[in-house]
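Thanks for asking me to look this over with you. Please open the structure beside this note, so that you can find each residue as we go.

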Amino acid sequence: MSNVILSKVNKIYGAGRTGVHAVRDLDLTVNDGEFMALLGPSGCGKTSTLRMIVGLEAITSGDIHFGGVRVNDLEPRERNVAMAFETYALYPNFTVEENLAFPLEVRGVPADERRRRARELAELLRITEILTARPPVLSGGQQQRVSLGRALIREPAVFILDEVMSHLDAHLKFQMLFDLKRLHQELRRTMIYVTHDQVEALALADRVAVMSNAALQQVGDRNALYNRPTNMFVADFIGEPPTTFIAVERCDRAGAIELRAIGADIVFDVAAERASALDAHGGRRFTVGIRPQNLYPCDHDPRMAGKVVINEYLGERSILSIVTGDVTLRALVPPETRLAPGDHAGFSLDPRDVMIFDTESGVLVA
């Protein structure tokens, strides 16, 4: 196993005014045996980061270390990194066993050893029954397992997966999530998983590195990203349905702090433990973030109320869109909640669930 450390890594394509700064001053540590996800929208810099780790792209500036060894000037084959891609890239005229064993054949490993290791890996991947089959007759999930196995058989120091579930349907994706998590727990290899899908990242990774606009926004586990997002981008990108943001103004009443919505009759109480952070920050106007999961239907003395405009029934849950003044709220409610468009609905909210951001910078204040 090996850790991976990126220090002040930059990637610039082109030069001068036409140059594109794809990755900016990236500092990131992936620990030995850790499953790290690089998460972000298209164009955020995650794929360029992956390619620099592998050695497919030259680093403009900065350093990358594997297990304490600087690898900037090493060729991809010298870095002991294996990759699995969204395209399976299997040899159609080879059997599954031959596809699995091919990286060992290239290295000159004896045939008996190649066969033994291919079959051991096939058992781990649960594909022993298709070892004599060829890729054209396999399902997408089976092809993806073979692709993973061909990378794993090399026993790499670092294993990188690039959008490996993009072509799978929902059922196969769920199974692959389970299998990848199981593989990591059994192998304990250092794995870096690149994706734009937050569900995949949060389900698989020990920690997630969220990127946007060529820069790292936050690194953390599920709890940190969800409950303590470092800024509005992370709060919006992590979580489904997405966070609702509301412009507010500070009001002080009898020693307590209230945040009053601008354009709607909504008042947010500020939890006592967050008052000092607001005082230290200063200012009167902020942006409040509310996760739809934290709004609870309330008929008696609700903290906010409005008219239902949409009830999205999704089987195991319903998502309500509620309009109050100039603000549209979203609430995640039990599926048996029978509210139709035009109905009046009230909700409560724990003050500890209110996220408060600096409106200009987007940084979390409290």
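The points below cover an arginine, some salt bridges, a helix and a surface patch.

1. Before you start. The model is predicted, so local features need pLDDT of at least 70 and side-chain atom pairs count only at pLDDT 80 or more, while totals for chains, interfaces and linings use all residues. Residues are numbered from 1 along each chain as its sequence is written, and side-chain values use heavy atoms, with hydrogens and water left out.

2. Where is Arg-291? Look in the loop between β14 (285-290) and β15 (296-297). Helices (H or I, at least four residues) and strands (E, at least two) are DSSP runs, numbered from the N terminus.

3. A salt bridge is a side-chain nitrogen of Lys or Arg within 4 Å of a carboxyl oxygen of Asp or Glu.

4. The surroundings of Arg-291. Its side chain reaches the backbone oxygen of Ala-235 at 3.3 Å, and a polar atom of that side chain lies 2.7 Å from the backbone oxygen of Ile-238. Leaving aside residues up to four places away in sequence, Arg-291 also touches others, including Leu-225, Tyr-226, Pro-229 and Met-355; contact means heavy atoms within 4.5 Å.

5. How many salt bridges are there? The count comes to 25. One of them joins Arg-145 and Asp-179, with the closest N and O atoms 2.3 Å apart. This pair links distant parts of the chain: Arg-145 sits in helix α4 (residues 140-152) and Asp-179 in helix α5 (residues 170-187), 34 residues apart. Both Arg-145 and Asp-179 are buried.

6. A strand and a helix joined. Arg-250 and Asp-279 form a salt bridge whose closest N and O atoms are 2.7 Å apart. Arg-250 lies in strand β11 (residues 244-253) and Asp-279 in helix α9 (residues 272-281), so the pair ties together parts that are 29 residues apart in sequence. Are the two partners buried or partly exposed? Arg-250 is buried, at a relative accessible area of 10%, whereas Asp-279 is partly exposed, at 46%.

7. Another pair, then a network. Arg-284 and Asp-252 meet in a salt bridge (3.4 Å, N to O). Arg-284 is in the loop between α9 and β14, and Asp-252 is in strand β11, 32 residues apart. Arg-284 is partly exposed, with a relative accessible area of 42%, and Asp-252 counts as partly exposed at 43%. Salt bridges with shared partners also join Arg-126, Arg-145, Asp-179, Arg-182 and Glu-186 into one network.

8. A mostly covered helix. In helix α1 (residues 46-54), 7 of the 9 residues are buried, among them Lys-46, Leu-50 and Val-54. After α1 comes Gly-55, with a positive phi near 105 degrees.

9. Which residues make the nonpolar surface patch of about 200 Å²? They are Val-309, Ile-310 and Val-323. Patches are made of residues with over 30% relative accessible area and no salt bridge, like charges being joined within 9 Å and nonpolar side chains (Val, Leu, Ile, Met, Phe, Trp, Tyr) within 5 Å. Accessible areas come from the Shrake-Rupley method with a 1.4 Å probe; for residues, only the protein chains shown count as cover. Val-323 belongs to strand β17 (residues 318-324).

Conventions:
A polar contact is a pair of N or O atoms within 3.5 Å; within protein, one must be able to donate a hydrogen and the other to accept it, and residues adjacent in sequence count only if both atoms are side-chain atoms. Buried means under 20% relative accessible area, exposed over 50%, partly exposed in between (1.4 Å probe, protein chains only).
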